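Here are my notes on this model, as numbered points. Please keep the structure open while you read.

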Amino acid sequence: RVDISSVSIAGLDGAAYIDKLSPSDPNKTESSSSVTITGETDRVYTPTSNEITVLQGGKPIFRITRDNLTNVVVWNPWTEKAASMGDFAPKDGYKNMLCVEPGSVGSWQVVEPGDAFEGAQTISLVGA
């Protein structure tokens with residue numbers, strides 16, 4: 001069971017990101033080597049590394065490897081947002097969840113007629 005107060009994310013240091021909760025100044029760069037969640041978080045990272053590691057208590061619990069996916073969304077609704085979401089239950093469930101989601105969401109992915117786009121992610125348990 002994930003305890004958000006002891007979770008951190010490695011592999012995003014130096015990455016440009018869009019902070020969707022800061023519309024007046026959304027473009028930022030991650031300066032921390034370990035991202036922690038201490039409040040509502042909704043960010044779209046463009047990391048240089050294809051590997052992201054989620055740690056709990058400083059120990060890796062799983063690793064996400066991206067293939068041809070430009071971005072990584074990091075999201076947690078925290079107290080007020082979770083309470084306002086009709087389909088989020090239990091309302092204090094934000095304490096035990098973290099969304100780390102590879103994708104191509106920062107800009108449009110153009111696929112010409114006859115072309116194809118392929119992207120993948122691999123999620124691996126660490127120490128299991």
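1. Start with Arg 63. Its relative accessible area is 28%, so Arg 63 is partly exposed. The cut-offs are these: buried is under 20% relative accessible area, exposed is over 50%, and partly exposed is in between, with a 1.4 Å probe and protein chains only. This is a predicted model: local features need pLDDT of at least 70, side-chain atom pairs count only at pLDDT 80 or more, and totals for chains, interfaces and linings use all residues. Residues are numbered from 1 along each chain as its sequence is written, and side-chain values use heavy atoms, with hydrogens and water left out.

2. Which residue meets the side chain of Arg 63 in a salt bridge? The partner is Glu 51, at 3.3 Å from N to O. A salt bridge here is a side-chain nitrogen of Lys or Arg within 4 Å of a carboxyl oxygen of Asp or Glu. Arg 63 sits in strand 7 (residues 59–67) and Glu 51 in strand 6 (residues 51–56), so the pair links distant parts of the chain, twelve residues apart. Helices (H or I, at least four residues) and strands (E, at least two) are DSSP runs, numbered from the N terminus. Glu 51 is partly exposed, at 37% relative accessibility.

3. How many salt bridges does the structure hold? There are three. Another joins Arg 43 and Glu 30 through their side chains, at 3.5 Å from N to O. This pair also links distant parts of the chain: Arg 43 is in strand 5, Glu 30 is in the loop between strand 3 (27–29) and strand 4 (34–36), and they are 13 residues apart. Arg 43 is buried, with a relative accessible area of 19%. Glu 30 is buried at 10%.

4. Glu 40 and Lys 81 form a salt bridge too, with their closest N and O atoms 4.0 Å apart. Glu 40 lies in the loop between strand 4 and strand 5, and Lys 81 in helix 1, so the pair ties together parts that are 41 residues apart in sequence. Glu 40 is partly exposed, at 34% relative accessibility. Lys 81 is partly exposed as well, with a relative accessible area of 35%.

5. Five strands form an open sheet in the order 4-1-6-7-10, with antiparallel pairing. Two strands pair if DSSP finds at least two bridges between them. Strand 4 and strand 10 (120–125) are the edge strands, and each pairs on one side only. On average, neighbouring strands of this sheet are turned by 25° against each other, direction ignored. Axes are lines fitted to C-alpha atoms, for helices over the stretch in contact, and angles run from 0 to 180 degrees between N-to-C directions. Strand 7 and strand 10 run antiparallel and are joined by six bridges. Phe 62 has Leu 125 of strand 10 as its bridge partner.

6. Aromatic pairs: the structure holds two. The ring centres of Tyr 17 and Tyr 45 are 4.7 Å apart and the planes stand at 35°, so this pair is tilted. Rings of Phe, Tyr and Trp (its six-membered ring) pair if their centres lie within 6.5 Å; planes under 30 degrees apart count as stacked, over 60 as edge-to-face and the rest as tilted. Tyr 17 is in strand 2 (residues 16–19) and Tyr 45 in strand 5 (residues 41–46), 28 residues apart. Both Tyr 17 and Tyr 45 are buried.

7. Trp 78 and Tyr 94 make a tilted pair, 5.0 Å centre to centre and with 55° between the planes. Trp 78 lies in helix 1 (residues 78–84) and Tyr 94 in the loop between helix 1 and strand 9 (99–103), so the pair ties together parts that are 16 residues apart in sequence. Buried or partly exposed? Trp 78 is partly exposed, at 24% relative accessible area, whereas Tyr 94 is buried at 10%.

8. Last, Asn 71 in strand 8 (residues 71–76). Asn 71 is buried, at 4% relative accessibility. Its side chain makes a polar contact with the side chain of Thr 46, at 3.0 Å. A polar contact is a pair of N or O atoms within 3.5 Å; within protein, one must be able to donate a hydrogen and the other to accept it, and residues adjacent in sequence count only if both atoms are side-chain atoms.
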